[in-house]
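Please look over the structure shown here before reading the report that follows, which moves from the fold to the side chains.

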Amino acid sequence: MNMKKIGFLSFGHYRDVQGSFVRTARDALLQTVETAVAAEEVGIDGAFLRVHHFAPQFAAPFPLLSAMAARTHRLELGTAVIDMRYENPLYMAEEAAATDLISGGRLQLGLSRGSPEPALRGYEAFGYVPTGDSTDADEARKHTLVFRAAIAGAGLANADPMMTGSSDALAIDPQSPGLAERIWWGSGTRATAKWTGEQGMNLMSSTLLTEDTGVPFDELQAEQIAVFRKAWADAGHEGAPRVSVSRSVIPLVTDTDRRYFGLRAQAEGRDQVGRLDGGLARFGKSYIGEPDVIAAQLAADTAVQAADTLLVTVPNQLGVDYNVQLLENIVKHVAPAAGWR
């Protein structure tokens with residue numbers, strides 16, 4: 001049996017429009033806490049947040065993750081992903097450590113260069129302007145390097161001898177032991193997957209790859225995973241790294257499921273190829289249908305089989321009750337039929 005952790009991934013959309021159960025930012029935040037509590041009860045293994053800026057979605061993950069941590073006991077809690085172009089790495093390290101301590105060591109932080117945002121170079125408004133020949137991707141990696149050093153306990157600021165009696169380098173406080181081993185990088189290509197393995201981070205791969213070779217999405221993603229694992233081993237890192245992939249999974253069990261998603265089953269049941277950031281990108285298909293049918297499809301998905309964690313994107317604007325029932329249907333009907341439980 002290919003045991004897998006199954007988590008849900010929410011983008012935290014909110015909008016005051018017809019049909020939405022999530023009209024405000026407060027709705028999105030509080031409903032996500034309630035969804036996490038209920039998801040833990042029905043057997044889901046993790047709750048993850050996608051972070052965006054200048055948009056009606058989640059933006060500041062740590063207060064929400066802390067609230068979820070205080071109300072749950074077993075769930076892994078994380079991000080998929082934080083756009084590091086926007087982050088102050090030392091302040092983020094303090095927030096991450098505090099959140100991890102509240103959770104009892106359950107934090108799984110996904111970081112990345114980020115995806116296209118509504119704001120044009122929005123990170124510059126946050127005060128992070130690339131200099132010289134540096135790119136925004138370079139800046140994201142620099143911030144990540146400092147962040148990882150900080151949570152690993154590196155001394156990053158000299159002590160004031162007048163205050164401390166020494167000039168030793170000081171680490172950020174608090175520290176949360178083990179957090180440094182629970183950092184993931186959101187990779188969209190085989191090249192960045194190789195870099196992730198070399199750096200000793202775990203790998204997150206979503207429903208989008210920012211390259212296309214003409215092969216099906218799952219095969220290209222499985223190749224990405226293989227590149228990552230080889231790079232990890234070649235770099236001499238200890239232990240086995242973790243890998244998560246994201247999928248849209250909607251089992252059609254009730255009339256409500258069919259009303260919301262039945263017509264989308266065929267339209268979204270195949271890969272999509274388009275242009276993104278000036279190059280070709282491949283978007284993975286959605287799995288929408290009868291539970292036994294999509295279980296068989298997921299069991300044949302080579303990247304899902306290669307990963308240890310599956311993050312299921314949820315339509316959060318449909319509210320807590322609908323999303324918890326969706327997750328329970330995945331745990332009860334899809335996971336056992338796919339051989340994961």
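## Burial and the tryptophan pair

A residue is called buried if its relative accessible area is under 20%, calculated with a 1.4 Å probe and with protein chains only. By that cut-off, both Trp 185 and Trp 195 are buried in this predicted model.

These two residues form an aromatic pair with an edge-to-face arrangement, in which the centres are 5.0 Å apart and the planes make an angle of 70°. Because Trp 185 belongs to strand β7 (residues 183-186) and Trp 195 to helix α7 (residues 190-199), the pair ties together parts that are 10 residues apart in sequence.

## The barrel

Eight strands, in the order β1-β2-β3-β4-β7-β8-β10-β15, close into a barrel with parallel pairing. On average, neighbouring strands of this sheet are turned by 25° against each other, direction ignored.

Strand β10 (residues 243-247) pairs with strand β15 (residues 309-313) in the parallel sense over four bridges, and Val 245 has Leu 310 in β15 as its bridge partner. Helix α8 (residues 217-234) lies across β8 (202-205) and β10, and runs at about 165° to β10.

Strand β4 (residues 107-112) is mostly covered, with six of its six residues buried. Leu 107, Leu 109 and Leu 111 point one way from the strand, whereas Gln 108, Gly 110 and Ser 112 point the other way, and all are buried.

On one pairing, strand β3 (residues 76-83) joins β4 in the parallel sense over five bridges, with Leu 107 in β4 as the bridge partner of Leu 77. Between β3 and β4 the chain passes through helix α3 (residues 89-103), and this β-α-β crossover is right-handed. In another pairing, β4 and β7 are parallel over three bridges, and here Leu 111 stands opposite Trp 185 in β7, the residue that also takes part in the edge-to-face pair with Trp 195.

## Other aromatic contacts

How many aromatic pairs does a search of the whole structure find? The search finds eight. Elsewhere among the rings, Phe 54, Tyr 86, Tyr 123 and Phe 126 are linked into a cluster by ring pairs. A further arginine is placed over an aromatic ring, in that the charged end of Arg 259 sits over the ring of Tyr 260, 5.6 Å from its centre.

Conventions: Residues numbered from 1 in each chain as written. Predicted model: local features only at pLDDT ≥ 70, side-chain atom pairs only at ≥ 80, totals over all residues. Heavy atoms only, no water. Pairing = 2+ DSSP bridges. Helix = DSSP H or I, 4+ residues; strand = E, 2+ residues; numbered from the N terminus. Axes fitted to C-alpha atoms, helices over the stretch in contact; angles between N-to-C directions. Contact = heavy atoms within 4.5 Å. Phe/Tyr/Trp six-rings, centres within 6.5 Å; stacked < 30°, edge-to-face > 60°. Buried < 20%, exposed > 50% of the residue type's maximum accessible area, 1.4 Å probe, protein only. Lys NZ or Arg CZ within 6 Å of the ring centre and 35° of its normal. Right-handed = clockwise from strand over helix to strand, strands pointing away.
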